Amino acid sequence: MREIVEIAGDGIRVRIGALKSVLQSAPELQLILTRYAVVQGMQFAQTAACNRLHNIEQRLARWLLITQDRVDPATLAITHDFLATMLGTDRPTVSLAAGTLLKKKIIGYTRGAVQILSRTKLEKCACECYEVIQQYNNEIGLK
(Lines give C-alpha, C1' and ligand atoms only; values in the text may rest on other atoms or scores of the structure.)
Protein backbone atom coordinates (compact mmCIF):
# COMPACT_ATOMS: atom_id res chain seq x y z
CA MET A 1 0.00 0.00 0.00
CA ARG A 2 1.21 3.50 -0.73
CA GLU A 3 0.03 6.68 0.94
CA ILE A 4 0.37 10.23 -0.35
CA VAL A 5 0.04 13.12 2.06
CA GLU A 6 -1.26 16.16 0.20
CA ILE A 7 -1.07 18.71 3.01
CA ALA A 8 1.04 18.67 6.17
CA GLY A 9 -0.78 17.58 9.30
CA ASP A 10 -1.28 14.77 11.78
CA GLY A 11 -2.27 11.25 10.89
CA ILE A 12 -2.59 7.85 12.47
CA ARG A 13 -1.79 4.34 11.39
CA VAL A 14 -3.82 1.35 12.54
CA ARG A 15 -2.62 -2.22 12.19
CA ILE A 16 -5.06 -4.35 10.20
CA GLY A 17 -5.32 -6.98 12.94
CA ALA A 18 -6.36 -4.38 15.50
CA LEU A 19 -8.90 -2.88 13.09
CA LYS A 20 -10.44 -6.28 12.31
CA SER A 21 -10.73 -7.01 16.01
CA VAL A 22 -12.47 -3.70 16.73
CA LEU A 23 -14.80 -4.06 13.73
CA GLN A 24 -16.01 -7.46 14.97
CA SER A 25 -17.06 -5.95 18.27
CA ALA A 26 -18.34 -2.62 16.88
CA PRO A 27 -20.80 -3.12 14.00
CA GLU A 28 -21.68 0.59 14.09
CA LEU A 29 -18.08 1.48 13.30
CA GLN A 30 -18.03 -1.07 10.49
CA LEU A 31 -21.17 0.54 9.01
CA ILE A 32 -19.64 4.03 9.25
CA LEU A 33 -16.39 2.93 7.61
CA THR A 34 -18.28 1.12 4.85
CA ARG A 35 -20.36 4.22 4.13
CA TYR A 36 -17.18 6.30 4.13
CA ALA A 37 -15.54 3.94 1.61
CA VAL A 38 -18.59 4.09 -0.68
CA VAL A 39 -18.69 7.89 -0.54
CA GLN A 40 -14.96 8.08 -1.25
CA GLY A 41 -15.50 5.92 -4.33
CA MET A 42 -18.29 8.24 -5.48
CA GLN A 43 -16.00 11.23 -4.97
CA PHE A 44 -13.24 9.58 -7.00
CA ALA A 45 -15.70 8.96 -9.84
CA GLN A 46 -16.93 12.56 -9.65
CA THR A 47 -13.35 13.85 -9.74
CA ALA A 48 -12.53 11.69 -12.77
CA ALA A 49 -15.56 13.05 -14.61
CA CYS A 50 -14.66 16.59 -13.56
CA ASN A 51 -11.11 16.22 -14.85
CA ARG A 52 -12.53 15.15 -18.21
CA LEU A 53 -15.35 17.68 -18.55
CA HIS A 54 -14.35 20.94 -16.88
CA ASN A 55 -11.69 23.51 -17.58
CA ILE A 56 -8.57 23.85 -15.50
CA GLU A 57 -9.69 27.02 -13.70
CA GLN A 58 -12.88 25.30 -12.49
CA ARG A 59 -10.94 22.17 -11.46
CA LEU A 60 -8.31 24.22 -9.61
CA ALA A 61 -11.03 26.12 -7.74
CA ARG A 62 -12.76 22.83 -6.82
CA TRP A 63 -9.53 21.26 -5.59
CA LEU A 64 -8.57 24.30 -3.49
CA LEU A 65 -12.02 24.44 -1.90
CA ILE A 66 -12.07 20.73 -1.06
CA THR A 67 -8.58 20.93 0.38
CA GLN A 68 -9.41 23.97 2.49
CA ASP A 69 -12.54 22.19 3.74
CA ARG A 70 -10.34 19.37 5.01
CA VAL A 71 -7.57 21.40 6.65
CA ASP A 72 -9.14 24.85 7.30
CA PRO A 73 -6.22 27.27 6.83
CA ALA A 74 -6.50 30.06 4.26
CA THR A 75 -2.94 29.35 3.12
CA LEU A 76 -2.20 25.92 1.69
CA ALA A 77 1.40 24.75 1.45
CA ILE A 78 1.30 23.35 -2.10
CA THR A 79 3.26 23.85 -5.30
CA HIS A 80 2.06 24.28 -8.87
CA ASP A 81 3.86 21.05 -9.71
CA PHE A 82 1.89 19.17 -7.07
CA LEU A 83 -1.36 20.80 -8.22
CA ALA A 84 -0.59 19.71 -11.78
CA THR A 85 -0.29 16.12 -10.59
CA MET A 86 -3.54 16.32 -8.62
CA LEU A 87 -5.42 17.93 -11.52
CA GLY A 88 -4.04 15.67 -14.23
CA THR A 89 -2.33 18.40 -16.21
CA ASP A 90 1.06 20.08 -16.52
CA ARG A 91 2.63 22.81 -14.39
CA PRO A 92 2.39 25.62 -17.00
CA THR A 93 -1.36 25.01 -17.32
CA VAL A 94 -1.78 25.24 -13.54
CA SER A 95 0.30 28.43 -13.51
CA LEU A 96 -1.98 29.99 -16.15
CA ALA A 97 -5.13 29.04 -14.22
CA ALA A 98 -3.63 30.26 -10.95
CA GLY A 99 -2.64 33.49 -12.70
CA THR A 100 -6.26 34.02 -13.76
CA LEU A 101 -7.48 33.52 -10.19
CA LEU A 102 -4.69 35.81 -8.95
CA LYS A 103 -5.74 38.61 -11.34
CA LYS A 104 -9.31 38.28 -10.07
CA LYS A 105 -7.95 38.62 -6.49
CA ILE A 106 -9.42 35.23 -5.55
CA ILE A 107 -6.11 33.67 -4.55
CA GLY A 108 -2.61 34.80 -3.83
CA TYR A 109 0.46 32.67 -4.18
CA THR A 110 4.13 32.57 -3.49
CA ARG A 111 6.56 29.75 -4.12
CA GLY A 112 5.13 26.67 -2.43
CA ALA A 113 1.97 28.28 -1.03
CA VAL A 114 -1.49 29.25 -2.24
CA GLN A 115 -3.58 31.65 -0.18
CA ILE A 116 -7.35 31.78 -0.61
CA LEU A 117 -8.31 35.45 -0.50
CA SER A 118 -12.02 35.14 -1.32
CA ARG A 119 -13.71 31.83 -0.69
CA THR A 120 -17.02 33.18 -2.04
CA LYS A 121 -15.45 34.11 -5.37
CA LEU A 122 -13.57 30.80 -5.48
CA GLU A 123 -16.86 28.93 -5.01
CA LYS A 124 -18.31 30.84 -7.98
CA CYS A 125 -15.32 29.80 -10.12
CA ALA A 126 -15.66 26.13 -9.24
CA CYS A 127 -17.78 23.79 -11.33
CA GLU A 128 -20.86 22.04 -9.95
CA CYS A 129 -18.67 19.09 -8.94
CA TYR A 130 -17.71 20.90 -5.75
CA GLU A 131 -21.35 20.97 -4.60
CA VAL A 132 -21.85 17.33 -5.57
CA ILE A 133 -18.81 16.29 -3.53
CA GLN A 134 -20.07 18.40 -0.61
CA GLN A 135 -23.36 16.51 -0.73
CA TYR A 136 -21.47 13.21 -0.51
CA ASN A 137 -19.55 14.53 2.51
CA ASN A 138 -22.78 15.64 4.18
CA GLU A 139 -24.18 12.13 3.79
CA ILE A 140 -21.46 10.74 6.05
CA GLY A 141 -21.23 13.70 8.40
CA LEU A 142 -18.03 15.31 7.08
CA LYS A 143 -17.67 19.03 6.46
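Two strands count as paired if DSSP finds at least two bridges between them. Helices (H or I, at least four residues) and strands (E, at least two) are DSSP runs, numbered from the N terminus. The model is predicted: local features need pLDDT of at least 70 and side-chain atom pairs count only at pLDDT 80 or more, while totals for chains, interfaces and linings use all residues. Residues are numbered from 1 along each chain as its sequence is written, and side-chain values use heavy atoms, with hydrogens and water left out.

Three strands make an open, antiparallel sheet in the order 1-3-2. Strand 1 (75-76) and strand 2 (107-110) are at the edges with a single partner strand each, so one side of each lacks a neighbour in the sheet. Strand 2 and strand 3 run antiparallel and are joined by four bridges. Ile107 stands opposite Ile116 in strand 3.

**Overall fold**

The protein contains seven helices and three strands. From the N terminus on, the order of elements is α-α-α-β-α-α-β-β-α-α. Whole-protein values are tabulated below. Buried means under 20% relative accessible area, exposed over 50%, and partly exposed in between (1.4 Å probe, protein chains only). Contact means heavy atoms within 4.5 Å.

| Property | Value |
|---|---|
| Span of the C-alpha trace along its principal axes | about 55 × 30 × 25 Å |
| Buried residues | 36% of 143 residues |
| Contacts joining residues at least 24 apart, among those at least 6 apart in sequence | 62% |

**Nonpolar core**

A nonpolar core is a set of buried Ala, Val, Leu, Ile, Met, Phe, Trp, Tyr and Cys residues joined through side-chain atoms within 4.5 Å. The largest one has 27 residues, and Leu60, Leu64, Ile78, Ile107 and Leu122 have the most contacts inside it. At least two residues of this core come from each of several elements, including helix 3 (56-71), helix 5 (91-103) and strand 3 (113-116). Helix 3 contributes the most, with seven residues. Apart from residues up to four places away in sequence, Leu64 touches Leu76, Ile78, Ile107, Val114, Ile116 and Leu122.

**Glu57**

Glu57 lies in helix 3. Is Glu57 buried or exposed? Its relative accessible area is 18%, so Glu57 is buried. Beyond neighbours within four places in sequence, Glu57 is in contact with Ala97, Thr100, Leu101, Lys104 and Cys125.
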